Amino acid sequence: MKTAPAQDLVGRWRIGLWLSYGLIGLGIAVQVFWLSPQPWPGSMNGPVRFLFDTHDIGVYFRSSAWAVGGGTLYRDVPSEYPLAANLIFGSVRFLASLVMAPDRQEWGFTLIWILCGMAVLVGCLRLAIRESRDGVPLVWLLPAVIYFAALRFDIYPAFTLLLAIAAMRRQRLLRSAGWLGVAIALKGFALFLVPCMAVYVFHLAGIRKALIFSVVCLVPHTTMSLATLLFSGIDGLLTSYLFHAKRSFNGESLWDGMSLRFLVRWFPGLPALLTIGFSIGAACLRPRSFDRLIDACLVAVVGFTVSTVFYSPQFCLWILAIASFSERQRILFVVYGLCFVTYFYFPVSFDIAWNGGSRIPLEIAVTTVSLLRLLLIVTALRRTPTAVPTSS
C-alpha cells in the first residue's frame with residue numbers, strides 16, 4: 001500500500017511538528033507572564049485555551065442528561081446533534097454516573113470524553129500508519145488534530161470515514177458503505193460523498209452494486225431518524241436540522257475571510273447551491289481509480305466547508321481523514337499546512353480576539369485557512385498528466 005519512503009517529506013514535517021509545539025510552549029510561558037501580578041499593559045482579560053476548552057464538552061454533557069434520567073431527548077433535553085451522536089454522549093454520561101457522584105459527573109464526563117477521544121485518535125493513527133504514505137501519520141500528531149480529537153465530537157465521524165475509505169481501497173463495498181453510513185448518521189456532511197463514491201463503485205462493479213452501495217449508506221441515518229420520530233415526534237426529528245439551517249455567519253467562513261458576504265446577501269441560496277454543486281461536481285469527475293476517488297472526495301468535502309456561511313476549525317479532521325489516503329505530495333503538503341495553521345487560528349488567535357486583543361491575527365488566520373482550502377480544491381481538480389508512449 002505504501003510508496004517508497006520520502007525522507008524529505010518526513011524530515012520537513014517533523015521539523016514543523018516540533019516547531020508548532022515549541023511555539024505552544026512559548027505561548028504558554030508568555031501567557032503565564034501576562035497573568036502574573038504585574039501584567040503587561042493592554043494584555044488580554046482572559047487566557048488562551050492552549051490545552052483545554054470546556055465549551056463543547058459542556059454542550060455534550062448537557063445533551064446527555066437523558067442517559068441518567070433527565071428526561072426525553074429533544075423533548076425535555078435539547079440537543080443540536082443527531083441521535084447517533086447523542087448515543088455517544090449518553091454512553092459517556094452513563095459511564096461517568098457509575099464512577100462519580102452526581103455533583104461530580106461533569107468532571108467524570110470530561111475525563112472519560114478525553115480518554116475516549118485519545119483512544120479513537122490512536123485508532124486513526126494506526127490506520128494512517130498502515131494505509132498512508134510515509135510521513136502522513138505525523139499530520140495526525142499536529143496540535144490541532146490532537147486538540148480537537150480530545151475536545152470535539154468530530155473525531156468519531158472522521159474515524160468512521162477513515163474506515164470507509166480503507167474498506168473501499170480493498171473493494172470491500174458493503175463494509176465501506178456501512179462505515180460511510182455510520183459517518184453520515186454521526187455527521188450529515190458525509191452524505192455529500194455518496195455520489196462520487198457510488199460512481200466509483202459503478203465503474204468497479206456495475207449499476208446494481210452502485211445502487212446497493214447507495215442504499216446501505218443511507219440505512220443507519222434513516223434508522224436513527226425513524227427512531228427519533230417515534231420517541232420525540234416530528235419536532236424532535238427536526239431539532240438538529242433546524243439548528244444548522246439557522247446558523248449564520250460566524251466571522252470564520254470563506255465568505256468572511258475573502259470579504260464575500262455581499263454575494264450571500266444578494267443570493268441567499270448560494271451557499272446551499274454551491275454545496276450541492278460541489279457534491280455533484282465531484283461525481284462528475286467520474287473517478288475510475290482509487291487515487292482519483294480521493295481527489296473527488298476532497299472536492300466534495302472541502303467544497304462543503306468553503307460553501308457554508310459558518311466554519312468550524314475541527315473541520316480539518318474531516319479533510320485529513322480523506323487526504324491521508326492521497327498519494328499526491330501537493331495535496332498532502334496543503335493539508336499539512338491547513339492542519340498546522342488551524343491551531344493558531346483556534347484556539348490561539350480566536351482567544352486573543354475574544355479576550356479583547358487584536359483581531360488582526362484572527363483575520364490573517366481565517367484568510368489563510370480559506371486560501372488553503374481553495375488551493376486544496378484546485379489541486380484535487382487538476383489531473384496528473386499521463387505519460388504518452390512515444391513510438392521508436
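Let me start with a term: helices are DSSP runs of H or I with at least four residues, strands are E runs of at least two, and both are numbered from the N terminus. Now, the ground rules. This is a predicted model, where local features need pLDDT of at least 70, side-chain atom pairs count only at pLDDT 80 or more, and totals for chains, interfaces and linings use all residues. Residues are numbered from 1 along each chain as its sequence is written, and side-chain values use heavy atoms, leaving out hydrogens and water.

First, the cavity. A cavity is found on a 1 Å grid over the protein atoms alone: it is a set of points where a 1.4 Å probe fits but cannot get out, and lining residues have an atom within 4 Å of a point. Grid points are joined across faces, edges and corners, and the volume is the space filled by probe spheres set on the points. How many cavities of 30 Å³ or more does a search of the whole structure find? The count is 1. The largest cavity has a volume of about 30 Å³. Its lining is made of Trp13, Val136, Val139, Leu320, Ala323, Ser324, Leu332 and Val335. Helices α5 (136-139), α15 (315-323) and α16 each supply at least two residues of that lining. By type, the lining has 7 nonpolar residues, 1 polar and no charged. For that count, Ala, Val, Leu, Ile, Met, Phe, Trp, Tyr, Cys and Pro are nonpolar, Asp, Glu, Lys and Arg are charged, and the others, Gly among them, are polar.

Next, the core. Two more terms. Buried means under 20% relative accessible area, exposed means over 50%, and partly exposed is in between, with a 1.4 Å probe and protein chains only. A nonpolar core is a set of buried Ala, Val, Leu, Ile, Met, Phe, Trp, Tyr and Cys residues joined through side-chain atoms within 4.5 Å. The largest such core here has 121 residues. Trp113, Phe153, Leu180, Leu193 and Leu298 have the most contacts inside it. Which helix gives the most to this core? That is α16 (residues 329-354), with 15 residues. As background, nonpolar side chains tend to be buried together in soluble globular proteins.

Look at tryptophan 113. Contact means heavy atoms within 4.5 Å. Ala150 sits in the next helix on my list, among the buried residues of α6.

Why is helix α6 (residues 143-151) largely enclosed by the rest of the structure? Because 8 of its 9 residues are buried. Among them are Pro143, Tyr147 and Phe148.

Back to α16. Threonine 342 lies in this helix. At 0% relative accessibility, threonine 342 counts as buried. Leaving out neighbours within four places in sequence, threonine 342 is in contact with Ala144, Phe148, Pro313, Cys316 and Val369. The peptide bond from phenylalanine 346 to proline 347 is cis, with omega near 15°.

Now helix α13 (residues 270-284). It has 15 residues and reaches 20 Å from its first C-alpha to its last, close to the 21 Å expected. The expected span is 1.5 Å times one less than the number of residues. Its buried residues are Leu270, Pro271, Thr275, Ser279, Ala282 and Ala283. They pack against α9 (194-205), α11 (254-257), α12 (261-266) and α14 (290-307). Just after α13, arginine 286 takes a positive phi of about 50°.

Two loop residues come next. Tyrosine 74 lies between α2 (55-63) and α3 (83-99). Its phi is positive, about 75°, although it is not a glycine. Tyrosine 74 is buried, with a relative accessible area of 10%. Glutamine 171 is in the loop between α7 (155-169) and α8, and it has a positive phi of about 60°.

Leucine 173 is in helix α8 (residues 173-186). Leucine 173 and phenylalanine 213 are 40 residues apart in sequence and 6.8 Å apart in space, C-alpha to C-alpha. Is serine 248 buried or partly exposed? At 46% relative accessibility, serine 248 counts as partly exposed. Its C-alpha is separated by 6.2 Å from that of phenylalanine 310, 62 residues away along the chain.

Notes. 1 Å grid on protein atoms, 1.4 Å probe; cavity = no way out; pocket = protein on both sides within 12 Å on 5 of 7 lines; lining within 4 Å.
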